[in-house]
Amino acid sequence: ADSAQWQGEIWNIRKNGDIYPQWLSISRLSDEYGKVINYVGVFSDITERKSAEERILHQIYHDYLTDLPNRVLFVDRLNQAIALAMRHPENSIGVLFLDVDNFKLVNDSLGHDAGDSLLKLVAQRLKSCVRDTDTVARMGGDEFTIILAKIAHSEDAAIVAKKILDSFSQSFTLDGQEVYVSLSIGISLFPGDGVTSEILLKNADTAMYRAKSTGGMWYQLYNEELSVRADERLALVTGLHKALQRQEMVLHYQPQFDFHSGRLTGFEALLRWRHPQRGLLYPETFIHLAEETGLIIPIGNWVLETACAQAKIWCDMGFPKLLMAVNVSPRQFQHADLANQVIAALEKSNLSPDCLELEITESVIMQEIDNTIRIMESLAERGVRFSVDDFGTGYSSLGYLKKLPINVLKIDQSFVRDIASDPDDAAIVGAIIAMSDKLGIQVVVEGVENHEQLARFKEYAGIRVQGFLLGEPLAAAQMTDSIRARAEATG
C-alpha cells in the first residue's frame, strides 16, 4: 500500500473551553490499486513549544531590562508609520530621542543595580506620558526613543516633550532614597526632517545633543543648522585624532608676577591647536570633544611633557626658578595612570617637582574624593604643587581646603572683571584672600586687563597676578625673548 501525508498547525478547544494549539498530521492509506483504505490522524499539543517560540521572539525584539521595544522593533514600527503617513499626507510623525542627564552619577554613587532600577522606572514614566498607539523604545544604555504617530503639527511633538520634562520634575525612589534625574530630548519630524527611519533617528539624535549642550532638562527641535554643527563637530573630532601625530598642538605661556615686587614668578601653559584649515583654535573649541572621546589623555600627557621640558629649558638658561602651571582636566585627573604620567614627565625633563603646579577645578576635587586625595597626596609628597582654578565658581565646599595639599587658589576672572565698580565682587575677592592667608595658601588673580583692576589688589600682600595687562600668552620662542628683555631691563 502507498500513503500520502498532510501536516500543519491547528487550533483546538479543551473540555474546559480553552483554545490551544495542536500539531496535526494526517496520513492517507491506499491499497496497491490506489484505492483509499483509511485516514490516520495524529494530534500533539504544542502549547509549550509555541510559548517558547513566543518568548524567544519577544526577546529578539524587546529590551531585556525594561521590556520596551528595542532598536530593531523600533525601526520596524517607524518604517510602518512612515509607510502609513505616505498614504495619508495629512499625518505627520514625531521622533523623539531622549537621553538621561548625568545617569553615570547614579551608577557611580548608588551602584549599577540602582541604575538598572532607575532605567525601569524611567521607562514606565515615559510610557505614562504618551498614547497607547505611540511607541516607547530603549536604544541602549540611558537612551530612549519615542514614535509619535499621526500628529498634525510640530507643536504636538513639543507639547509631548514638555509633558515628559514636567513629569521628570518628580523624583524617583530607589531603595527608599529620593533621586532626581532630568532628560535631554531631540525631536525630528516626518517628512520635513527626513523621509527614512535612518535620517529621522540621526536628526533627532543631533537635536538631542544640542539640548544636552545647553545644560539638559530641555528639548530641541531639529533644524539644518544643527546638522552643519554636527558635521563640524565630526570634522573636529576626526582632526583631533591626527593633531598630535601631525604636531598641530602648541603651547602658549602666560606669565605670572608677584604683585608688589613685579618679579616674574612663573607661567601658565595654555593649549592651542593650529588647525590646518581653521587656523589657531582655543581650548573652548575642542577640549570638550577631547574629553568626550578620551583623547584628552594623550593630549594632556603631551601638554605635561612639553610644559615640563620648556620649564627646564628656562631654568637651564639661568633664569630664576619659575613655576610652570599646567591645567589637568576632569577625565585626565581621574585616569588611573595620571600620577605615573606626571612623574614620567618630570623625570624625562629632569625638572624639579616643586617647579610644577597642577591646576584643577573644584568639580574635579569633588569627584571620587577618596581617589582625588590619594593622587594629590602621592604627588605632593614628591614636591608637586596644586592650585584650584576658577575658585568660587564651582561647589565652593571649603572643607576640602583643609583635607587636600593645596598650595594656590586662583580667583576666577569673573570676580575680577568688575571689581573696580562692583562692591560685591570686591568683597568676595577680599574674603577669598583673607581666608587663604589664614590657611597659608597663596592666591593668584587671573584676568587682570586694566590698571583699575590692578589697583584693587595693592592692599594685599603675597599675591600673584596674571592677565593681558601684564603679559599676553606667547609661544615659547617669543616668551624666551620677552624674559631676556625683562631681565636686561631690570639689570
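Me: What covers the buried residues of α3?

Reply: The cover includes β4 (92-100), α4 (112-128), β7 (172-174) and β8 (177-179). Cover is judged by contact, meaning heavy atoms within 4.5 Å; helices (H or I, at least four residues) and strands (E, at least two) are DSSP runs, numbered from the N terminus. This is a predicted model, where local features need pLDDT of at least 70, side-chain atom pairs count only at pLDDT 80 or more, and totals for chains, interfaces and linings use all residues. Residues are numbered from 1 along each chain as its sequence is written, and side-chain values use heavy atoms, with hydrogens and water left out.

Me: Why are the buried residues of α3 said to line one face?

Reply: They're Phe103, Val106 and Asn107, buried being under 20% relative accessible area (exposed is over 50%, partly exposed in between; 1.4 Å probe, protein chains only). Down the axis of α3 they fall within an arc of 95° (from directions axis to C-beta atoms), so they share one face. Lys104, Leu105 and Ser109 are exposed on the face turned away.

Me: What makes Leu358, Ile406 and Phe457 stand out in the largest nonpolar core?

Reply: Of its 78 residues, these touch the most other members. Such a core is a set of buried Ala, Val, Leu, Ile, Met, Phe, Trp, Tyr and Cys residues joined through side-chain atoms within 4.5 Å. Helix α9 (residues 296-316) gives the most to this core, 9 residues. Beyond neighbours within four places in sequence, Phe457 has contacts including Phe259, Val416 and Ile463. A second, separate core has 36 residues, among them Leu68 and Ile185.
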